[in-house]
Amino acid sequence: MSATRPYALVLYGTTGFTGGLCARYLARKLPAGTPWALAGRNRAKLEQVAAGLPGDNPPELIEADSGDPASLTALAARTRALASTVGPYMQYGEPLVRACVEQGTHYCDLTGEPEFVNTLLSRYHEAAQASGCALVNCCGFDSIPHDAGVLFAIRELTLEHGGKLDGPVTAEGAVAFSAKFSGGTWRSALEAFARPGANQRSQRDAQVRLKQWYPRKVGSLAPKPHKDDALGG
């Protein structure tokens, strides 16, 4: 990847609910002087979001549309990393991933759609390795509380144990929340529930490929969610 690309990060899908939250967070937290941009299909809405951002490092604005592959290719070619909040991802996500893989651009999203994640693994894992880019999914509520919770629990267990654990550990947990679904999350959930057969096929295909690529590391994919009275969820 060229170090001369004009942006370190582009946030795609800024005009939605979650995209707006991400834009405000980045405006507060990015190191001073970091070159970044907001991207979406409607410039007027991008300008509206940018006008409400805090801080003194305003982003540039880029028009790009998931229905216009050329605009996505141009977008991916201008940044070292790209974060997408555009869902449902099975409808709108793959063209942007393809553009990032072709341009060697690091990509992340906050999808919670298993079919999308499994589809990307099957179709783009090897191509992403070849182009030197990372594809990272589920960077949101679907992943972070669970991963951070398990990490905390294992660290506490190690302290109680008095040193490095000497055997495998299985962790189960339940998450309770009182927030409402955003419109994009609701649409993604409906999309996933409407495609049970496709979800199962994509999971089987991903599992076969994972076992081929990482035979010593991958035994099976995560178990299906179930109710646990002891955990209360």
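Reader: Is F116 buried or exposed?
Author: F116 is buried, with a relative accessible area of 2%. Keep in mind that this is a predicted model.

Reader: Ok. How many aromatic pairs does the structure hold?
Author: The structure holds one aromatic pair. The rings are those of Y89 and F116, with centres 5.4 Å apart.

Reader: And why is the pair tilted?
Author: The planes of the Y89 and F116 rings are at 40°, so the pair counts as tilted.

Reader: Where do Y89 and F116 sit in the chain?
Author: Y89 is in helix α4, residues 89-92. F116 is in helix α6, residues 114-131.

Reader: Is Y89 buried or exposed?
Author: Y89 counts as buried, because its relative accessibility is 3% and the cut-off for buried is under 20%.

Reader: New topic. At what angle do α3 and α5 cross?
Author: Roughly 45°. The axes of α3 (residues 69-76) and α5 (residues 94-103) come within 8 Å. The two helices are therefore oblique to each other.

Reader: Left-handed or right-handed?
Author: α3 passes α5 in a right-handed crossing.

Reader: Which residues meet there?
Author: From α3, L72, T73, L75 and A76. From α5, P95, L96, A99, C100, E102 and Q103. By class, this contact has seven nonpolar, two polar and one charged residues.

Key: Residues numbered from 1 in each chain as written. Predicted model: local features only at pLDDT ≥ 70, side-chain atom pairs only at ≥ 80, totals over all residues. Heavy atoms only, no water. Axes fitted to C-alpha atoms, helices over the stretch in contact; angles between N-to-C directions. Helix = DSSP H or I, 4+ residues; strand = E, 2+ residues; numbered from the N terminus. Parallel < 35°, antiparallel > 145°, perpendicular 65-115°, else oblique. Left-handed = near helix turned anticlockwise from the far one by under 90°. Contact = heavy atoms within 4.5 Å. Nonpolar A, V, L, I, M, F, W, Y, C, P; charged D, E, K, R; others polar. Phe/Tyr/Trp six-rings, centres within 6.5 Å; stacked < 30°, edge-to-face > 60°. Buried < 20%, exposed > 50% of the residue type's maximum accessible area, 1.4 Å probe, protein only.
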